[in-house]
Amino acid sequence: MKKITAIFFLLIAIVTTAQEQQKLKQNLLLQADEMGKAFIAKDYAAFASFTHPDLLKKFGGTQKMADIIRYSFSQIENVKFIDVTFAQPSEIINVEGELQCTVPQMIEMEADGQQVTANTTIIAISRDNGKTWSFTDTAGQNIQALQATIPNLSPQLNIPEIQEPVFNEAPVKNR
């Protein structure tokens with residue numbers, strides 16, 4: 001009887017943990033979507049507000065970060081960002097009270113008459129048990145390079161190698 005009771009409580013714990021992970025991921029994806037919409041709308045202040053606090057500090061705060069982003073994108077010619085979407089996050093892990101995971105990101109853009117899709121990975125971090133999430137683009141860096149700016153990143157985070165963008169002919173626009 002004791003074994004059955006122990007198995008029962010173990011199953012409840014597993015189901016509860018899976019449900020908690022799902023709720024955390026749903027909230028994370030909602031916030032990532034808000035970040036993506038701010039990026040497409042060129043609302044760089046809102047976009048920058050989703051940046052990891054350690055990076056914001058390094059760059060002088062949210063407004064300075066927004067100014068840097070605005071300037072960077074003003075230097076790019078013949079590129080129109082169309083959409084940013086996110087796939088299912090990896091397992092969320094707890095590192096010293098901080099929740100962390102990776103999230104696949106797809107950026108669709110039009111560049112020089114071609115449709116381009118870039119598949120990248122971002123890291124999502126919550127310091128308040130999943131209520132709010134901040135993000136950082138891995139930009140093709142490995143975990144050790146990222147730890148120079150965000151020292152608490154877990155080496156368990158799986159950051160895939162950077163993928164080459166996919167180019168397709170852009171659809172002909174009605175004139």
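This is a predicted model: local features need pLDDT of at least 70, side-chain atom pairs count only at pLDDT 80 or more; totals for chains, interfaces and linings use all residues.
**Exercise 1. Describe the largest pocket: what is its volume, and which residues are closest to its centre?**

Step 1. Start with the space itself. The volume of the largest pocket is about 570 Å³.

Step 2. Go to the lining. It comprises 23 residues, and Phe 39, Phe 47, Ile 69, Phe 73 and Asp 137 are the closest to the pocket centre.

Step 3. Assign the lining to elements. Two or more residues come from each of helix 1 (2-40), helix 3 (53-59), helix 4 (62-74), strand 1 (79-86), strand 3 (98-111) and strand 5 (134-137).

**Exercise 2. How many salt bridges does a search of the whole structure find?**

Step 1. The search finds four salt bridges. Side chains of opposite charge can pair when their charged atoms come close.

Step 2. Take the pair in helix 1. The side chains of Asp 33 and Lys 37 form a salt bridge, at 3.2 Å from N to O. These residues lie four apart in helix 1, so about one helical turn separates them.

Step 3. Take the pair in helix 4. Arg 70 and Asp 67 meet through their side chains at 3.0 Å, N to O. They are three residues apart in helix 4, which means a separation of about one helical turn.

**Exercise 3. Which parts of the chain does the salt bridge between Asp 54 and Arg 127 link?**

Step 1. Confirm the contact. The side chains of Asp 54 and Arg 127 meet at 3.3 Å, N to O.

Step 2. Asp 54 sits in helix 3, and Arg 127 sits in the loop between strand 4 (114-126) and strand 5. The two are 73 residues apart, so this pair links distant parts of the chain.

Step 3. Check accessibility. Asp 54 is partly exposed at 25%. Arg 127 is also partly exposed, at 48%.

Note on methods
Residues are numbered from 1 along each chain as its sequence is written. Side-chain values use heavy atoms; hydrogens and water are left out. On a 1 Å grid over the protein atoms alone, a cavity is a set of points where a 1.4 Å probe fits but cannot get out, and a pocket is an open set with protein on both sides within 12 Å along at least five of seven lines; lining residues have an atom within 4 Å of a point. Grid points are joined across faces, edges and corners, and a volume is the space filled by probe spheres set on the points. Buried means under 20% relative accessible area, exposed over 50%, partly exposed in between (1.4 Å probe, protein chains only).
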